[in-house]
Amino acid sequence: RNDNYYDDDDEEDDEFYKIKVPSPTTQWRTQAKLAVSPGSTWTRDSGCSIGLYQRNSHDVLSIPDCRVHHPSINRAVDVIVKATQKVRTPGYQEDIGQGLLRYVQLQVETSTSKVCLSLVMNAERFKECQPHLSYLVKELKRADPKLWHSIWCHCNDSRGNAIFARDVTRWHPVDGPPYVREAIPGSDPDKREGLMYFSPYVFRQGNLGGFGEIAREVWEAVPRGSRVCELYAGVGLLGLSALLHHGKLEEEDGVKGGLRWLRCSDENPENARCFDRTVSTMPMHITGRTPKKFQAGGKKKGQRRRNNAKHSGKGKLDGERSIKDLMDSMTTEGGGNAPRPSKDDPSERVTYLQANAASALYRGQALGADVIIVDPPRKGLDEAVLRQLTLRHDSNQPYAEKPAMISHLPRHAVNWTNDARTLIYVSCGFDA
């Protein structure tokens, strides 16, 4: 044994596993999902009890004035409890599967300190929540009208531990705007550099401030001028933060180094809608996208007609195709629903594919990417994703950014992450 070798190794480990507390230790939680039970099994006059399950049980323990909750969450819980007492809302009794209010989700919009409230009801359809839902919402708005950003109802009549049903049709807006908006990490609010959009049924970190620090670590690890693929992207916070950061660097020092392209993916369809809204608020010279309100603006009727004729193929003989048409057909991927970045089309620099991580890889999301970002759930990487990420580089496989470019290869022989040189893994813990 070489003691000096092991001592040096220990020092490196200490630096590698350096512990950093990225946010205050109190009032940092800006999102909370809390369980609900009846305040009393004898009468509805006691309203509902709201809190966390006690360890090894499903007994709800109230946590008033929780020190890690944002003050608006504690205030909202107090208002909800009193409102359920006033209108006699029946809390859910898990042992017999009866009662109405099961859980509450509270999300704080940090710029306003207002709360987006989601009421999870033991019902299959929205109308089954009435009249109790209307009574409760009316009382909440009366008791503290300036507290609420928006109020939603989610119907979940399953008998499992899942707080939300996977069916997006179970979500129903009751009052207020559809999205909570937050500044993109690293952005300057005074310069209007972009806003992240979150609806109640997309994943959002409980500690937004802390995750902003993680986003900073990620964008600093992305080399300038990279092609980036983000799997398990959610609403794309990590990838879009890196896109904005490198775009601003390019603007500040005048040296070309913004991201060549960014491809994000996840399976929740609402993620893609939030992503697109976020991109529409970012500077056009960074995203390459023209906001929809400007895409058809300023065109005269005759010009619009000529453009329509051009796109519909009018003015050409039937069956006639230009050389450009032929070249496009040879390089465009067949199938799928995601646009593929093109060197000639900056509007395709930033794209989103609705697909799980494994499916996204097999549909070519990481082809040509030299940086891959993964932020999987607590269970860790899917087996198929892990298998692809650990394949050796195949020097015989040609460089490709689209599956059509390597369509001559057997699919089982393709290394779908062959060009990646940097892997950034954001983990929920060592088990993940």
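**Close-up 1. R216 and E213 pair within helix α4.** R216 and E213 lie three residues apart in helix α4 (residues 208-221), so about one helical turn separates them. Helices here are DSSP runs of H or I with at least four residues, strands are runs of E with at least two, and both are numbered from the N terminus. The side chains of R216 and E213 form a salt bridge, 3.9 Å from N to O. The term salt bridge means a side-chain nitrogen of Lys or Arg within 4 Å of a carboxyl oxygen of Asp or Glu. R216 is partly exposed at 37% relative accessible area. E213 is partly exposed too, at 25%. Buried means under 20% relative accessible area, exposed means over 50%, and partly exposed lies in between (1.4 Å probe, protein chains only).

This is a predicted model: local features need pLDDT of at least 70, side-chain atom pairs count only at pLDDT 80 or more, and totals for chains, interfaces and linings use all residues. Residues are numbered from 1 along each chain as its sequence is written, and side-chain values use heavy atoms, without hydrogens and water.

**Close-up 2. R75 meets D144 in a salt bridge.** The closest N and O atoms of this pair are 2.9 Å apart. The bridge links distant parts of the chain, 69 residues apart. R75 sits in helix α2 (residues 71-87). D144 sits in the loop between α3 (132-143) and β6 (148-155). R75 is partly exposed at 41% relative accessibility. D144 is buried at 14%.

**Close-up 3. E193 and K248 join through their side chains.** Their salt bridge spans 3.0 Å from N to O. E193 lies in the loop between β8 and β9 (195-198), and K248 lies in helix α5 (residues 237-253), so the pair ties together parts 55 residues apart in sequence. Both partners are buried: E193 has a relative accessible area of 10%, and K248 has 18%. The structure holds 16 salt bridges.

**Close-up 4. E182 sits in strand β8.** The strand covers residues 180-183. E182 is buried, with 7% relative accessibility. Its side chain makes a polar contact with the side chain of T110, at 2.4 Å. A polar contact is a pair of N or O atoms within 3.5 Å; within protein, one must be able to donate a hydrogen and the other to accept it, and residues adjacent in sequence count only if both atoms are side-chain atoms. Not counting residues up to four places away in sequence, E182 touches V108, E109, T110, S111, L195, M196, F198, R204 and L208. Contact here means heavy atoms within 4.5 Å.
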